Amino acid sequence: MRLLVTGGAGYIGSHAALALLEAGHTVVVVDSLERGCRASIATLGSLGGGRFHFEEMDVRETAKLTSVLRDHAIDAVLHFAALAYVGESVTEPLRYYDCNVGGGISLLRAMVDAKISRIIFSSSCATYGAPTAAQLPLREDAPQVPVNPYGDTKLVMEGLLRSACASGTPLAAAALRYFNVAGADAQCRIGEQHQPETHLIPITLEVALGRRSALTIFGDDYPTQDGTCIRDYVHVSDLVDAHLAALAALEIGQCKAWNVGLGCGHSVRDVVESCRRVSARRIDVQFAPRRAGDPAVLYADPSAIKRDLGWHAKFSSLDAITASAWKWMNRGSVPTA
Ligand SMILES: NC(=O)c1ccc[n+]([C@@H]2O[C@H](COP(=O)([O-])OP(=O)(O)OC[C@H]3O[C@@H](n4cnc5c(N)ncnc54)[C@H](O)[C@@H]3O)[C@@H](O)[C@H]2O)c1
């Protein structure tokens with residue numbers, strides 16, 4: 001197949017592009033490089049040869065995007081491009097709606113113009129907001145009431161995809177609601193390197209490496225067993241597998257939604273302990289007040305994606321995920337498999 005990967009210079013998009021190339025597909029990455037990593041594009045270029053193409057552009061450039069879709073005779077789109085920092089979305093909501101919703105509208109217009117009918121969308125557990133204990137683990141039909149503008153933009157996009165699929169336009173869509181993604185390519189060719197980094201596992205491992213003096217834990221008074229927030233961690237390679245499975249299951253006129261998580265919650269303190277185990281290093285922590293927009297507990301019920309797509313996670317423990325991230329952070333000094 002010939003696939004367009006928006007946001008393919010970013011963390012998850014670059015892992016998806018790599019897996020698609022390895023599966024023999026042709027990949028066209030569109031990325032503005034507002035975030036993401038130019039080195040990942042170079043790596044993909046060297047691995048993909050003539051089957052990899054990169055267009056440095058914004059997905060809001062609709063006419064140019066339509067040409068890219070047509071020129072490369074794209075079969076389906078994986079839409080990762082977005083701004084994805086919760087805190088930033090609280091202070092800059094217009095920028096987030098413009099990029100995440102404006103970008104999505106532009107992409108759908110281009111797809112309709114170029115007669116491309118299949119799309120997988122990166123949604124988020126942030127669309128569930130702050131669920132009650134009775135709503136956990138989260139099924140896909142749990143109420144979606146985001147508590148920050150980032151989550152709002154993802155929910156708007158899900159609604160847009162549902163309406164577009166129902167409109168008679170030949171369109172097939174799937175929204176994958178990612179929980180917390182971590183880990184890296186097994187051979188450490190690419191990995192997680194957000195700038196700035198805001199994700200818990202890489203930050204904790206940066207403390208282990210001595211690049212930061214301590215991990216700041218925001219809130220130790222949540223109504224959880226150890227007082228810290230609980231999240232569901234999924235390995236990036238397992239997440240990419242979910243995309244490949246979802247692509248094969250798309251049906252014109254339907255917009256599907258699946259959670260992608262392991263189905264178990266780990267507290268921030270659990271993550272710190274796991275990072276201490278896999279790194280065998282000292283990791284100092286300090287505590288700060290809760291941050292706005294952080295729900296206490298989020299973890300998935302992944303039974304729908306297991307049932308419908310036969311998906312299962314190969315990285316099934318927190319230690320397997322943190323060990324993968326640790327290996328990436330030590331690339332160059334640790335032999336790669
Ligand atoms: N990382 C996670 O744990 C997580 C969890 C849930 C959902 N998601 C979603 O997954 C997707 C990928 O996340 P990530 O962690 O890889 O983020 P990332 O920031 O590493 O990658 C996003 C990429 O999109 C590009 N981009 C942003 N706006 C663009 C635009 N208008 N036009 C073209 N390119 C643009 C950036 O330059 C970047 O390379 C995002 O949609 C995010 O919301 C991520």
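The buried residues of helix 7 are Leu200, Ile201, Pro202, Thr204, Leu205, Val207 and Ala208. Buried here means that 20 or more other C-beta atoms, placed from the backbone, lie within 10 Å of the residue's own; 12 or fewer makes a residue exposed, and anything in between partly exposed. Helices (H or I, at least four residues) and strands (E, at least two) are DSSP runs, numbered from the N terminus. What you are looking at is a predicted model, in which local features need pLDDT of at least 70 and side-chain atom pairs count only at pLDDT 80 or more, while totals for chains, interfaces and linings use all residues. Residues are numbered from 1 along each chain as its sequence is written.

Let's stay with helix 7 for a moment. Because 7 of its 10 residues are buried, helix 7 is largely enclosed by the rest of the structure. The cover over those buried residues includes strand 7, strand 8 (215–218), helix 9 (268–279) and helix 11 (318–329).

Now step back to the whole chain. Its domain assignment gives domain 1 (2–182 + 233–260) and domain 2 (200–231 + 264–329); such bounds come from an automatic or database domain assignment. The C-alpha centres of the two domains lie 24 Å apart. Where they meet, 29 residues of domain 1 are in contact with 27 residues of domain 2, contact meaning that the C-beta atoms, placed from the backbone, lie within 7 Å. On the domain 1 side, at least two residues each come from helix 4 (86–91), strand 7, strand 10 (233–235), helix 8 (236–249) and strand 11 (255–260). Helix 8 gives the largest share of that side, with 6 residues.

The largest nonpolar core has 104 residues, and Val29 and Ala173 are those with the most contacts inside it. Domain 1 and domain 2 both give residues to this core, so it lies between them. A nonpolar core is a set of buried Ala, Val, Leu, Ile, Met, Phe, Trp, Tyr and Cys residues joined through C-beta atoms within 7 Å. To see the surroundings of Ala173, leave aside its neighbours within four places in sequence: Ala173 is then in contact with Ile119, Phe121, Leu161, Cys165 and Cys255.

A helix pair is worth a look next. The axes of helix 3 (residues 62–71) and helix 5 (residues 93–113) come within 8 Å and cross at roughly 45 degrees. Thr62, Leu65, Thr66 and Leu69 of helix 3 meet Ser106, Leu107, Arg109, Ala110, Met111 and Asp113 of helix 5.

Finally, visit the loops. In the one between strand 5 (118–124) and helix 6 (149–166) you will find Pro137, joined to Leu136 by a cis peptide bond with omega about -10 degrees. Another cis peptide bond, with omega about -5 degrees, joins Gln195 and Pro196. Pro196 sits in the loop between strand 7 (180–182) and helix 7 (200–209), and Cys188 is found in the loop between strand 7 and helix 7 too. Cys188 has a positive phi near 55 degrees, though it is not a glycine. With 18 C-beta neighbours inside 10 Å, Cys188 counts as partly exposed. Leu33, in the loop between strand 2 (26–31) and helix 2 (38–48), is likewise not a glycine and has a positive phi of about 65 degrees. Leu33 counts as partly exposed, with 14 C-beta neighbours inside 10 Å.

Terms used
Two residues are in contact if their C-beta atoms, placed from the backbone, lie within 7 Å. Axes are lines fitted to C-alpha atoms, for helices over the stretch in contact, and angles run from 0 to 180 degrees between N-to-C directions.
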